[in-house]
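I opened this model to see how its chains are built and where they meet. My entries follow in the order in which I looked things up.

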Amino acid sequence: MSNKITFSDLVERIAEETGASKRLIHGLFKEMVTVSKEGLLRDGQVYITGLGTFKLKWRDARQGINPQTGEPIEIPAQNRVYFKPEAALRRFINQEYRHKKPEIIGIDMKPAPSMPKSKDSFFRRKRVTLGLSAVLLALLLLLLVVRFYLFRPAYESAPPLEETTQPETIHRYKIPEEKETGKEEQGQAAIQPDLSPAPETVRTSRISEERVIEEEEQGQAAIQPDLSPAPVGIPGGVYDVQAGNSLWSIAKSFYTDPYLWPNIFRANTDVVRNPDVLEVGLIIQVPSLEGTIGSLSKNDIVNIIDGYMQAYLAYRRLGKSNARYYLWVANQYNMPQVLQQYEDKIDESDRDFILRIKGSPRI
Amino acid sequence: MNNSEVIKRLSSRLVLSQRETRRLLKHSTEILQKTLDRDLSFTIPGFGTFGTHLQPERKAYNPYHKTFMMLPPKRVVYFHPSSVLKAHVKARRTDNE
């Protein structure tokens, strides 16, 4: 409770400050009160600079309880005075808290046990929706991982599917090694009709990227074989970002699997700050893969985990709340020795979040 | 009623120039602000009591981010109208609603 200062002390201080007589200041306040009453009765509202707005509000009659006797009493309809301090005054008295900002404290599950006690159903509903959205997100991620683990072997066991899903970039990247550019054109022409039933959007984007890759190939036909260390695997290269490209689409055109985009991001963290934003004309290094999609080598997986961790750290730096899911994916590869080097960079709340997801390996 | 009209009426009642009234009122409210800032409450007779209290740090649901947020502590100015003022404005104004 704050201490009180008497009105006469206040008047004395103001008189000192302004050089006016105490009598005048007394009069000033007295008249201010009278004028304020006039204003309240006339307009229902008075604004005094330095203090704020005084407003009248009509309150309907309501039932009340006499706090001393506990018996119900009728509170008649009446005007009440409400005061709103002006913004400058609020700022002035809050100077010591000026640097503090509201902070997101995330989906906090801790208060959950104490919550059912409260009768506030609104709050409980919110909790349910929060829980539901968390479950939905987890499901989405599960799908992502199921795709990683289940469908990859399926690619291998089902060659016809592989033919249709793997674009011709791989074939064409092998061709420079053979140095038979003439056959490339024919091969491409032969494959092109097979792709025609593919969805329109996919095809057009692929063709536009092909054009770029072709241009690159012409310039780098000699370098290309050197960039792919192993005979099997997917060669990388450099890529000139066009309008409409994303790491996702680049990963799709190089690796056929767009989910490997963090592998590209990892190699370009010095030029790409935000994985969601690529500048047109940026030269992106696309690392090669030792294995193929479906049978990645151990080094590839280490690199991909590294990529997901870089993505996690980047999103974390950008303050995105979904950053933790990239950490989760990195963790799903179940190679804690790789995550060890990021030990001190992982946020505690994210770690907790991941550990709460059932079936997650320990970080 | 806005501030300039308050000053106009005050100056005519106090028989002072508007400029002088404005200066006096400005200095007065400045001192009132400083008093509030020093965590002191005061009463203007016939009007009401001003004071501050500390609203502690609290957790609130942010419907936009759909998460809980920790809101920083802040000080809030309160005004309790005196019984004289309450009685004066109690009756329903004819143009109200």
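Predicted model: local features only at pLDDT ≥ 70, side-chain atom pairs only at ≥ 80, totals over all residues.

**Entry 1: chain B**

I read along the sequence of chain B and noted the pattern α-α-β-β-β-β-β-α. That is three helices and five strands. Helices (H or I, at least four residues) and strands (E, at least two) are DSSP runs, numbered from the N terminus.

Residues are numbered from 1 along each chain as its sequence is written, and chains are lettered from A and ligands numbered from 1 in the order in which they are written.

I then looked up burial. A residue is buried if 20 or more other C-beta atoms lie within 10 Å of its own, exposed if 12 or fewer, and partly exposed in between, with C-beta atoms placed from the backbone. Of the 97 residues in chain B, 22% are buried.

Next I took contacts, where two residues count if their C-beta atoms, placed from the backbone, lie within 7 Å. Among contacts in chain B between residues at least 6 apart in sequence, 32% join residues at least 24 apart.

**Entry 2: a hairpin in chain B**

I followed strand 3 of chain B to its partner. Five bridges join it to strand 4 of chain B, and the two run antiparallel. Two strands pair if DSSP finds at least two bridges between them. B:A60 has B:M69 in strand 4 of chain B as its bridge partner. The hairpin of these strands has four residues between them, and there B:K66 takes a positive phi near 55°.

I turned to chain A, whose secondary structure comes to 16 helices and nine strands. Chain A has 363 residues, and 25% of them are buried. For contacts in chain A with a separation of 6 or more, residues 24 or more positions apart account for 54%.

I picked out an open sheet of three strands in chain A, in the order 2-3-6 with antiparallel pairing. Strand 2 (45-48) and strand 6 (78-85) of chain A stand at the edges with a single partner strand each, so one side of each has no neighbour in the sheet. From one strand to the next the twist averages 20°. Strand 3 (residues 52-59) of chain A pairs with strand 6 of chain A over eight bridges. One residue I checked was A:G52, whose bridge partner in strand 6 of chain A is A:P85. Helix 2 (residues 22-43) of chain A packs on the sheet and touches strand 2 and strand 3 of chain A. The direction of this helix makes about 140° with that of strand 2 of chain A.

Is A:F54 buried or exposed? A:F54 is found in strand 3 of chain A. It has 25 C-beta neighbours inside 10 Å and therefore counts as buried. Beyond its neighbours within four places in sequence, A:F54 is in contact with A:S36, A:L40, A:Q45, A:V46, A:V81 and A:F83. I also noted A:Y82, which is 28 residues from A:F54 in sequence and 5.7 Å from it in space, C-alpha to C-alpha.

**Entry 3: where the chains meet**

How many residues does each chain bring to the contact? Chain B brings 55 and chain A brings 56. On the side of chain B that touches chain A, helix 2 of chain B gives the most, with twelve residues. I sorted that side by class and got 25 nonpolar, 16 polar and 14 charged residues. Here Ala, Val, Leu, Ile, Met, Phe, Trp, Tyr, Cys and Pro count as nonpolar, Asp, Glu, Lys and Arg as charged, and the others, Gly among them, as polar.

A:K4 stands opposite B:S41 in strand 1 of chain B.

Terms used
Axes fitted to C-alpha atoms, helices over the stretch in contact; angles between N-to-C directions.
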